[in-house]
Amino acid sequence: MSENPRLSRQTLAVLAEFLHEPGEWRYGYGLLKATGTQAGTLYPILQRLADLHWLETRWEERPAGGRPPRHLYRLTAHGVRGAQAMRERAAARGWSSGAIAPEGAG
C-alpha cells in the first residue's frame with residue numbers, strides 16, 4: 001500500500017476538517033456533517049488514513065444517554081505532516097482553497 005492516500009477533494013475535505021483541531025477526537029457523523037461527504041465515501045477514507053497511521057482510532061468511553069459508543073478518530077503527528085503535504089500538493093494543482101484548511105490551521 002502507498003504511504004500516501006490518493007489525492008482527492010473528498011480526502012482533502014476530511015483532512016482539512018481534522019487540521020482545524022488536529023488534537024481533537026472526531027466521530028464519523030460529525031465529519032459527515034462538516035465535510036458534506038456521504039458515508040460510503042467517508043468511512044473508506046477514514047479506514048485508509050488509519051491503515052496508513054495518519055489517524056489513530058478508539059471507541060468512545062461511557063457514552064451519554066445510553067447510546068452506543070462511537071468510533072473516534074484523530075490525526076497522528078505523521079498524519080498532520082501528511083495532511084499539510086497534501087494541502088500543498090492540492091494548491092500546486094490549483095485546487096480551490098474551499099476544501100483545503102488555511103495555512104495557519106493545525
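This is a predicted model: local features need pLDDT of at least 70, side-chain atom pairs count only at pLDDT 80 or more; totals for chains, interfaces and linings use all residues.
Glu60 sits in the loop between strand S2 (55-59) and S3.

The side chain of Glu60 makes a polar contact with the side chain of Arg67, at 2.6 Å. Setting aside neighbours within four places in sequence, Glu60 is in contact with Arg67, Pro68, Pro69, Arg70 and Leu72.

## Thr76, between strand and helix

Thr76 belongs to the loop between strand S3 (71-75) and helix H4 (77-92). Is Thr76 buried or exposed? Thr76 counts as buried, because its relative accessibility is 18% and the cut-off for buried is under 20%.

The side chain of Thr76 reaches the backbone nitrogen of Gly79 at 2.9 Å. Thr76 also touches His53, Trp54, Leu55 and Glu56, with residues up to four places away in sequence not counted.

## How H1 packs on H3

Helix H1 (residues 9-20) packs with helix H3 (residues 39-51). The angle is about 70 degrees, and the axes are 10 Å apart. That angle makes H1 roughly perpendicular to H3. The crossing of H1 past H3 is right-handed.

Which residues make the contact? From H1 come Gln10, Thr11, Val14, Leu15 and Phe18. From H3 come Thr41, Leu42, Ile45, Leu46 and Leu49. Seven residues of this contact of H1 with H3 are nonpolar, three are polar and none is charged.

Conventions
Residues are numbered from 1 along each chain as its sequence is written. Side-chain values use heavy atoms; hydrogens and water are left out. Axes are lines fitted to C-alpha atoms, for helices over the stretch in contact, and angles run from 0 to 180 degrees between N-to-C directions. Helices (H or I, at least four residues) and strands (E, at least two) are DSSP runs, numbered from the N terminus. Angles under 35 degrees count as roughly parallel, over 145 as roughly antiparallel, 65 to 115 as roughly perpendicular and the rest as oblique. A crossing is left-handed if the near helix is turned anticlockwise from the far one by less than a right angle, and right-handed if clockwise. Contact means heavy atoms within 4.5 Å. Ala, Val, Leu, Ile, Met, Phe, Trp, Tyr, Cys and Pro count as nonpolar, Asp, Glu, Lys and Arg as charged, and the others, Gly among them, as polar. Buried means under 20% relative accessible area, exposed over 50%, partly exposed in between (1.4 Å probe, protein chains only). A polar contact is a pair of N or O atoms within 3.5 Å; within protein, one must be able to donate a hydrogen and the other to accept it, and residues adjacent in sequence count only if both atoms are side-chain atoms.
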